[in-house]
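Me: I am new to this structure and would like to understand the terms used for it. Please take me through them with care.

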Amino acid sequence: MEVPRRSLAAYLSPLRLIDRRKSFSYNQLPDEPIKLTVLKLDGSSFGTVLKTATVRELKMAVEAVFSHLPITSLGNNISWPHVWAQLCVSYEDQRLINDSDYLTDFHIKDGDQVCSLS
(Lines give C-alpha, C1' and ligand atoms only; values in the text may rest on other atoms or scores of the structure.)
Protein backbone atom coordinates (compact mmCIF):
# COMPACT_ATOMS: atom_id res chain seq x y z
CA MET A 1 0.00 0.00 0.00
CA GLU A 2 1.40 3.35 -1.01
CA VAL A 3 1.46 6.25 1.50
CA PRO A 4 -0.05 9.43 0.08
CA ARG A 5 2.53 12.19 -0.48
CA ARG A 6 2.02 15.48 1.29
CA SER A 7 2.37 18.71 -0.54
CA LEU A 8 5.43 20.83 0.19
CA ALA A 9 3.10 23.83 0.29
CA ALA A 10 1.60 22.54 3.56
CA TYR A 11 5.03 22.77 5.22
CA LEU A 12 5.65 26.26 3.92
CA SER A 13 2.29 27.77 4.83
CA PRO A 14 2.43 31.24 6.43
CA LEU A 15 0.78 29.95 9.60
CA ARG A 16 3.54 27.39 10.12
CA LEU A 17 6.19 30.07 9.64
CA ILE A 18 4.53 32.33 12.22
CA ASP A 19 4.38 29.48 14.75
CA ARG A 20 8.11 28.88 14.38
CA ARG A 21 8.89 32.55 14.94
CA LYS A 22 7.11 32.72 18.32
CA SER A 23 10.41 32.16 20.08
CA PHE A 24 11.99 35.18 18.37
CA SER A 25 12.50 38.04 20.81
CA TYR A 26 13.07 41.66 19.96
CA ASN A 27 15.06 41.90 23.21
CA GLN A 28 17.84 40.04 21.39
CA LEU A 29 18.29 42.89 18.92
CA PRO A 30 21.10 45.34 19.76
CA ASP A 31 19.99 48.53 21.48
CA GLU A 32 20.79 51.95 20.12
CA PRO A 33 23.61 53.67 22.02
CA ILE A 34 22.51 56.10 24.71
CA LYS A 35 24.53 59.23 25.50
CA LEU A 36 24.46 60.48 29.09
CA THR A 37 26.12 63.25 31.05
CA VAL A 38 27.36 62.20 34.50
CA LEU A 39 27.47 64.99 37.09
CA LYS A 40 30.16 64.48 39.74
CA LEU A 41 29.93 65.68 43.35
CA ASP A 42 32.41 68.49 42.68
CA GLY A 43 30.06 69.96 40.06
CA SER A 44 32.10 68.88 37.03
CA SER A 45 30.67 66.44 34.52
CA PHE A 46 31.66 64.07 31.76
CA GLY A 47 29.84 62.38 28.94
CA THR A 48 29.57 58.69 28.30
CA VAL A 49 28.00 56.42 25.69
CA LEU A 50 26.36 53.14 26.68
CA LYS A 51 25.26 50.27 24.47
CA THR A 52 22.95 48.08 26.54
CA ALA A 53 22.13 50.79 29.06
CA THR A 54 22.01 48.86 32.30
CA VAL A 55 22.96 50.28 35.67
CA ARG A 56 26.02 48.00 35.66
CA GLU A 57 27.17 49.35 32.32
CA LEU A 58 26.76 52.90 33.60
CA LYS A 59 28.90 52.06 36.64
CA MET A 60 31.53 50.51 34.37
CA ALA A 61 31.56 53.69 32.27
CA VAL A 62 32.15 55.77 35.41
CA GLU A 63 34.97 53.42 36.45
CA ALA A 64 36.55 53.70 32.99
CA VAL A 65 36.69 57.50 33.22
CA PHE A 66 38.49 57.37 36.55
CA SER A 67 40.83 54.57 35.49
CA HIS A 68 42.61 57.03 33.19
CA LEU A 69 43.59 59.25 36.13
CA PRO A 70 47.08 58.85 37.58
CA ILE A 71 47.47 56.80 40.74
CA THR A 72 47.04 58.95 43.86
CA SER A 73 50.00 60.08 45.90
CA LEU A 74 49.16 57.33 48.39
CA GLY A 75 49.80 54.81 45.66
CA ASN A 76 46.35 53.24 45.97
CA ASN A 77 43.97 52.45 43.15
CA ILE A 78 40.28 53.15 43.61
CA SER A 79 38.43 50.26 45.23
CA TRP A 80 35.25 50.23 43.14
CA PRO A 81 33.45 47.56 45.19
CA HIS A 82 33.97 49.83 48.21
CA VAL A 83 32.82 52.92 46.29
CA TRP A 84 29.62 51.24 45.06
CA ALA A 85 28.93 49.81 48.53
CA GLN A 86 28.99 53.32 50.01
CA LEU A 87 27.68 55.48 47.16
CA CYS A 88 25.46 55.10 44.12
CA VAL A 89 24.36 56.73 40.90
CA SER A 90 21.04 58.55 40.92
CA TYR A 91 18.60 60.05 38.45
CA GLU A 92 16.26 62.72 39.74
CA ASP A 93 15.16 61.24 43.11
CA GLN A 94 15.75 57.60 42.14
CA ARG A 95 18.81 55.66 43.27
CA LEU A 96 20.16 53.25 40.68
CA ILE A 97 21.15 50.32 42.88
CA ASN A 98 20.27 47.09 41.05
CA ASP A 99 22.96 46.41 38.41
CA SER A 100 20.63 44.45 36.14
CA ASP A 101 18.00 47.21 35.87
CA TYR A 102 17.75 48.97 32.54
CA LEU A 103 18.08 52.75 32.54
CA THR A 104 14.85 52.95 30.56
CA ASP A 105 13.08 51.45 33.62
CA PHE A 106 13.85 54.78 35.32
CA HIS A 107 12.71 56.75 32.24
CA ILE A 108 16.31 57.75 31.50
CA LYS A 109 16.75 58.51 27.84
CA ASP A 110 19.38 59.69 25.40
CA GLY A 111 20.80 63.09 26.42
CA ASP A 112 19.77 62.96 30.10
CA GLN A 113 22.01 63.76 33.06
CA VAL A 114 22.61 61.40 35.98
CA CYS A 115 24.42 62.18 39.23
CA SER A 116 27.31 59.96 40.14
CA LEU A 117 28.33 59.04 43.63
CA SER A 118 25.40 60.60 45.47
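Me: What does Thr54 touch, not counting residues up to four places away in sequence?

Reply: With contact taken as heavy atoms within 4.5 Å, Thr54 touches Asp99, Ser100, Asp101, Tyr102 and Leu103. This is a predicted model, in which local features need pLDDT of at least 70, side-chain atom pairs count only at pLDDT 80 or more, and totals for chains, interfaces and linings use all residues. Residues are numbered from 1 along each chain as its sequence is written, and side-chain values use heavy atoms, with hydrogens and water left out.

Me: Why is Thr54 called buried?

Reply: Buried means under 20% relative accessible area, exposed over 50%, and partly exposed in between, with a 1.4 Å probe and protein chains only. Thr54 has 13% relative accessibility, and therefore counts as buried. Thr54 lies in the loop between strand E2 (45-50) and H3, where helices (H or I, at least four residues) and strands (E, at least two) are DSSP runs, numbered from the N terminus.

Me: What makes Glu57 count as buried?

Reply: The relative accessibility of Glu57 is 19%, so Glu57 counts as buried. Glu57 lies in helix H3, which spans residues 55-67, and, leaving aside neighbours within four places in sequence, is in contact with Val49, Leu50, Lys51 and Thr52.

Me: How many helices and strands does the chain have?

Reply: The chain has four helices and five strands, and from the N terminus on these elements run α-α-β-β-α-α-β-β-β. Of the 118 residues of the chain, 26% count as buried.
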